[in-house]
Amino acid sequence: MEQPFVVSEIASQPDCWRRAAQLFTGDLPARTERVAVVGCGTSWFIAQAYAVLRETAGHGLTDAFAASEFPAGRDYDRVVAITRSGTTTEVLDLLARVTTPTVAITADPATPVMKLADSVVVLDFADERSVVQTRFATTALALLRASLGESLESAVVDAERALEFPLPAELVQAEQFTFLGRGWTCGLAQEAGLKMREAACAWTEAYPAMEYRHGPISITGPKRVAWMLGEPPAGLADDVAATGGLFLTSDGDPMAELIKIQRLAVALAQAQGLDPDNPRHLTRSVILGQKAAS
Ligand code: F1P
């Protein structure tokens with residue numbers, strides 16, 4: 001049987017991140033600019049991760065919004081739009097509407113975003129055949145992390161390890177997954193949950209880790225997983241163990257941890273006979289007619 005495209009796309013992430021880390025980032029926001037980052041679906045979750053990283057690194061106020069929820073009347077110096085396809089309606093509508101200078105990150109230089117954004121960073125080498133985004137999303141984040149002065153070297157090494165990591169049988173047999181994050185990894189946790197829903201129709205949830213005890217813990221139990229991206233809060237592992245659920249975490253780069261989850265999503269899809277490249281009801285991008293867009 002032929003491998004789905006997503007398998008080789010997942011495997012190419014270390015190379016893509018290396019390449020992204022070497023790109024010119026002068027078109028991306030400069031220090032002190034007040035920035036809004038927007039996207040839809042996966043791209044929104046990457047926007048969330050970047051927003052926290054940029055602000056925490058002291059580069060200036062950074063907010064993330066679903067493109068459809070961009071607040072009217074806010075004063076930003078720059079809008080950063082993330083869109084693999086370059087065709088997502090809500091993103092294009094926003095770019096056409098705002099008077100703030102804009103920059104887009106896309107995979108496809110033959111799409112409308114090229115004209116609608118004031119400047120564009122093209123990551124065509126990270127484009128994908130699978131509807132489900134993996135490498136474009138993490139490569140965009142690698143680029144954004146590099147633009148903040150971060151070295152991606154150890155992330156790349158961790159990513160290579162994550163590709164070899166044997167997925168434990170109890171993970172493949174689990175019936176529910178809760179992904180947890182703190183700071184910038186809250187966006188990654190959301191992306192992890194989305195990946196498993198899209199590719200494997202899995203029951204997943206995602207929360208900031210400290211919110212887990214405020215209700216979501218009721219879901220965890222035997223055959224269910226709580227998976228922390230990044231460093232767990234004190235006592236969380238014990239709290240999950242007390243439910244009978246499986247707690248997972250690692251010291252590696254959280255983007256590498258996401259790779260393990262992408263691989264699990266593919267494994268779960270294949271175990272059910274699903275095509276992880278083409279999830280049901282999903283298209284490469286959402287292009288709305290005029291009525292639905294308003
Ligand atoms: C955004 C997106 C994807 C989702 C699906 C529909 O696409 O919401 O995250 O998986 O493919 O489109 P884009 O704006 O980044 O191309």
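**Figure 1. Helices α2 and α6 cross in this predicted model.** Helix α2 covers residues 13–21, and helix α6 covers residues 135–147. Their axes come within 8 Å and cross at roughly 30°. The crossing of α2 and α6 is right-handed. On the α2 side, the contact is made by Gln-13, Cys-16, Trp-17, Ala-20 and Ala-21. On the α6 side, Arg-135, Thr-138, Thr-139, Ala-142, Leu-143 and Ala-146 take part. By type, the residues of this contact divide into 7 nonpolar, 3 polar and 1 charged. Why can residues three or four places apart point the same way?

**Figure 2. Helix α9 is largely enclosed by the rest of the structure.** The helix runs through residues 185–200, which makes 16 residues. From its first C-alpha to its last, α9 reaches 22 Å. That is close to the 22 Å expected at 1.5 Å a residue. Is α9 largely enclosed or open? Buried means under 20% relative accessible area. Of the 16 residues of α9, 13 are buried, so the helix is largely enclosed. Just after α9 comes Cys-201, with a positive phi of about 50°.

**Figure 3. Asp-253 sits in a loop and is buried.** The loop lies between β9 (246–248) and α11. Asp-253 has a relative accessible area of 10%, so it counts as buried. Which residues does Asp-253 touch, leaving aside its neighbours within four places in sequence? Asp-253 is in contact with Arg-145, Ala-155, Asp-158 and Trp-184.

**Figure 4. Gly-289 is a partly exposed loop residue.** Its loop lies between α11 (254–271) and α12 (290–293). The relative accessibility of Gly-289 is 45%, so this glycine counts as partly exposed. Gly-289 and Thr-89 are 200 residues apart along the chain. Their C-alpha atoms are separated by 8.7 Å.

Figure 5. The chain has 12 helices and 9 strands. Its radius of gyration is 19 Å, close to the 19 Å that the globule rule gives for 294 residues, so the chain is as compact as a globular protein of that length. The C-alpha trace spans about 55 × 45 × 40 Å along its principal axes. Of the 294 residues, 54% count as buried. Consider contacts between residues at least 6 apart in sequence: 69% of them join residues at least 24 apart.

Key
Residues numbered from 1 in each chain as written. Predicted model: local features only at pLDDT ≥ 70, side-chain atom pairs only at ≥ 80, totals over all residues. Heavy atoms only, no water. Helix = DSSP H or I, 4+ residues; strand = E, 2+ residues; numbered from the N terminus. Expected span 1.5 Å × (residues − 1). Buried < 20%, exposed > 50% of the residue type's maximum accessible area, 1.4 Å probe, protein only. Axes fitted to C-alpha atoms, helices over the stretch in contact; angles between N-to-C directions. Left-handed = near helix turned anticlockwise from the far one by under 90°. Contact = heavy atoms within 4.5 Å. Nonpolar A, V, L, I, M, F, W, Y, C, P; charged D, E, K, R; others polar. Rg over C-alpha atoms; globule rule 2.2 N^0.38 Å.
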